[in-house]
Every structure is written in structure tokens, then in C-alpha cells.
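This report is for a reader who is new to the structure shown below. Please look over the sequence and the model before reading on.

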Amino acid sequence: MENIDESSSSSKAKDEKAKKEEAAAAAHKTRKELEEEEREKIQVLVSNFSEEQLNRYEVYRRSAFPKAAVKRLMQSIIGCSVSQNVVIAVSGIAKVFVGEVVEEALDVMEQNNETGPLQPKHLREAVRRLRQRNALPRTKLADKKQLFFR
């Protein structure tokens, strides 16, 4: 009788395990499908870019902060070693941050009816506006020493 109970409980465990694996596979397929849909959306968007937009997008895709420099900076601030995954994550966040500041600086330039390359005054005003909207965190260093300001 014990053998029957053990075999039925082991078969139940196997059934549950199989169901969990099927659910994980379904979730995995969904994630793959979502990734494919996202790729298709990006392809449609890029195919509708003007030549200037396409050039800017290509430069954006190729741009990156040097990983060695980011790692060295982080280690000097934190005081211990950091993993490569953390360096990659911080590099990505830094790239997004720079994009936000540049986008705001371009808006500043447009509002001032100016053309040409971005100037430091545009970047300073962009940072000021982002701080005003609380889009940039306040730091002790920023309070003591005004970054991006003279």
C-alpha cells in the first residue's frame, strides 16, 4: 500500500513539475513574441526616419561610455571593486541621463530661436530646468558645489 502511495505522490509531483515547465515555456514564448514585436516596431520606426534622423540614431546606437573609465570612477567613489554587470548598468543609465540633458538643451536652444551646436549655456539651463522639475536628484555635492554652473 505504501508503494502505491509513494508512486502516486511521485507521479503527482512529476505532473506538477511538468505543468510548471509548460507554464514557464509559455511565458518564455510570450517574452520572445514580445521581443519580436518590439523589434518590428523599431524597424517600422527606423524605416520612416529621414536621412538626418537615421544618422543621429546610428550615432546614438554606437555611442557608449568607456567601460574602463566608468569602472575606475565607480571604484574611486565606492572604494571597492564593482562587477562588470554593474558597470554596464551604470553606463546605460549614464547614457540615458546624457540623452535627457541634451534633449532638454535642444529644447532650450529652440525656445531661444537659436541654431547651431549646443553651447554650455544651453546645457546649464537644461540642468537647471531638470532640477526645477525634480527630474534630477538633489545631492549633497550639488548643494555644496554647483555642478555645471560657474
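The model is predicted.

**Core.** The largest nonpolar core has 6 residues: Val101, Ala105, Ala126, Val127, Leu130 and Leu136. Two or more residues of this core come from each of helix H4 (84–111) and helix H5 (120–132). With 3 residues, H5 is the element that gives the most to this core. In soluble globular proteins, nonpolar side chains tend to be buried together.

**Nonpolar patch.** Phe65, Phe97, Val98, Val102, Leu106 and Leu123 make a nonpolar surface patch of about 390 Å². H4 supplies the largest share of this patch, 4 residues. One of the patch residues is Leu106, which lies in helix H4. Is leucine 106 exposed or partly exposed? Leucine 106 counts as partly exposed because its relative accessible area is 30%.

Glutamate 33 belongs to helix H1, which covers residues 2–47. The relative accessibility of glutamate 33 is 49%, so this residue counts as partly exposed.

| Residue | Relative accessible area | Class |
|---|---|---|
| Leucine 106 | 30% | partly exposed |
| Glutamate 33 | 49% | partly exposed |

Note on methods. Residues are numbered from 1 along each chain as its sequence is written. This is a predicted model: local features need pLDDT of at least 70, side-chain atom pairs count only at pLDDT 80 or more; totals for chains, interfaces and linings use all residues. Side-chain values use heavy atoms; hydrogens and water are left out. Buried means under 20% relative accessible area, exposed over 50%, partly exposed in between (1.4 Å probe, protein chains only). A nonpolar core is a set of buried Ala, Val, Leu, Ile, Met, Phe, Trp, Tyr and Cys residues joined through side-chain atoms within 4.5 Å. Patches are made of residues with over 30% relative accessible area and no salt bridge: like charges are joined within 9 Å, nonpolar side chains (Val, Leu, Ile, Met, Phe, Trp, Tyr) within 5 Å. Accessible areas come from the Shrake-Rupley method with a 1.4 Å probe; for residues, only the protein chains shown count as cover. A salt bridge is a side-chain nitrogen of Lys or Arg within 4 Å of a carboxyl oxygen of Asp or Glu.
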